[in-house]
Amino acid sequence: MKEGQIYDIVVIGGGPAGMAAAWSARQSGVERILILERENRLGGILGQCIHNGFGIGLYDQDYTGPEYAELWMEKIENEQIEVRCGVNVYDISRNADKNYVVFSMGREIGLKAYETKAVILACGCRERTLGQMRIPGSRPAGVFMAGSAQYMINMQNLKIGNSAVIMGFGDIGLIMARRMSLEGIKVKLVFGEHANGLNRNYLQCIKAFGIECRLHYTLLSTHGYQRLKGITIAPRDGHGQIDFSKKEYIPCDTLLVAAGLIPETELGKKLGLQFQADHGICTDENGMASEEGIFACGNITEIADLVDKVTMAGMKTGQACAFWLNSKKEKKIQNAYDKQIPYRPSKMNDCLLKENESVCILCPNGCKLVKKGDHMEGFLCERGKRSYDSGQCGENIKMIFTTTVKVAGEKEQMLSVRSREQITAEQMFKIMKSLRKFSAEKPVYSGQCLGEWEGIKIFSTQTLIN
């Protein structure tokens, strides 16, 4: 757009919710749309989520995070929607014409203001920190939020430690237990007071790799001066009281805190929007917040367990915003994207799997299975029944292999890769040993076969040209 022109919609956040909102608004006839993203490329958190499990609900495809991001980046490019990356939005106000003014700052463009008729907040979420949990002890190096560790390992090729303990049974903590194990970091223990991760992630990332778990344990203190030396934990009894007589010191040089996610609501607070009890932005059934012309979607309203739900929320909100721009009258609309995701993922719910229990990992439902005699019961579909015989659940667990490899000529940039067939944890460790010596040559394209290791073909899940 030319300088001084007014946008119809400015979308703040270029993750799955923001891209879906912009795309559906364009599909509904809105022309002047701008996406502002603080990272250097679209995709949001998807870029560092190299594991699979994305897109099953909407596309019946088992994408990795980078693959799902590129799918939506292509949609945005095809619609020629204007995008500005590397831009932080720090304020939003309303002018005399009752339009909104979005104030932003970027390294390349400096300070800039964008006038728009409507704003869609798709800022996502952030991690709850150790400080917010009020854990006593020192603050040496070696204490990481799980998402930060994920970024450093997957995108910067950094080894963050040698021996680690993970606090928290959320999905990111479970996924990082597997990821660090494959990268040669000894995961000594995963513990937490509550377990709210998906059953299938517990099976794939903890049981398959033989990692010790302790439920209903709390962190008493961290120890160390320059670098973490260990932590002290203790169990809680049936009344929720800490049993100090059973406290235990565990030596480690790395602590990962997987303490859950919080909606990124700072801009909403500046606008004086209403919030829900869980601190997400409160919206009506069409995605409009308490301020007319301000919409919100995705994890900024409610933390979702599937990216498909985030995407669907973005599509619904984008169309609702387009409808509001055209009529500004109707309170209820018939939304073309009002589809129900058919999956209801099963969570751990403070219960670890027993010896006779397993989980089907073919879809997000993660049906809990119980072994009776020589067969498993609990499958909700015929596809699931076949998974046990093929070794995709049970004792010999098979999974999609994902990791990152070095890029020739680049010190920190990494390329995410995957297998297309399911393999065992033992096979993964063998492949990792060979892949550490491999460097991909640019240009490389998503879906390109990079070679074969230990009899398993490995494919790129990203496009890297420059």
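Predicted model: local features only at pLDDT ≥ 70, side-chain atom pairs only at ≥ 80, totals over all residues.

Started with Cys-205: at 0% relative accessibility I log Cys-205 as buried (under 20% relative accessible area; exposed is over 50%, partly exposed is in between, with a 1.4 Å probe and protein chains only). Residues are numbered from 1 along each chain as its sequence is written, and side-chain values use heavy atoms, with hydrogens and water left out.

How many disulfides are there? I get 0, taking a disulfide as a pair of cysteine sulfur atoms within 2.5 Å. Cys-85 has its closest cysteine sulfur in Cys-123, and that is 14 Å off, so too far for a bond. Cys-85 comes out as partly exposed, at 30% relative accessibility. Cys-205 is in no disulfide either; from there the nearest cysteine sulfur belongs to Cys-213, 11 Å away.

Next, the cores. I count as a nonpolar core a set of buried Ala, Val, Leu, Ile, Met, Phe, Trp, Tyr and Cys residues joined through side-chain atoms within 4.5 Å. The largest has 54 residues, and those touching the most other members are Ile-160, Met-180, Val-190, Leu-256, Phe-401 and Leu-415. H5 supplies the largest share of this core, 6 residues. A second, separate core holds 44 residues, including Ile-33, Leu-46, Phe-54 and Ile-120.

I then clicked on Leu-415. Beyond four places in sequence, Leu-415 touches, among others, Thr-403, Val-407, Ala-440, Val-444, Leu-450 and Leu-464; contact here means heavy atoms within 4.5 Å.

Is Thr-265 buried or exposed? Thr-265 is buried, with a relative accessible area of 5%. I found Thr-265 in the loop between strand S18 (261-263) and helix H7 (266-270); helices (H or I, at least four residues) and strands (E, at least two) are DSSP runs, numbered from the N terminus. Setting aside neighbours within four places in sequence, the contacts of Thr-265 are Phe-275, His-279, Ile-281 and Ile-300.

Last, the helix pair. The axes of H5 (residues 171-182) and H10 (residues 425-435) come within 10 Å and cross at roughly 50°. H5 and H10 are therefore oblique to each other. On the H5 side I see Arg-179, Ser-181 and Leu-182, meeting Met-428, Phe-429 and Met-432 of H10.

Definitions and conventions:
Axes fitted to C-alpha atoms, helices over the stretch in contact; angles between N-to-C directions. Parallel < 35°, antiparallel > 145°, perpendicular 65-115°, else oblique.
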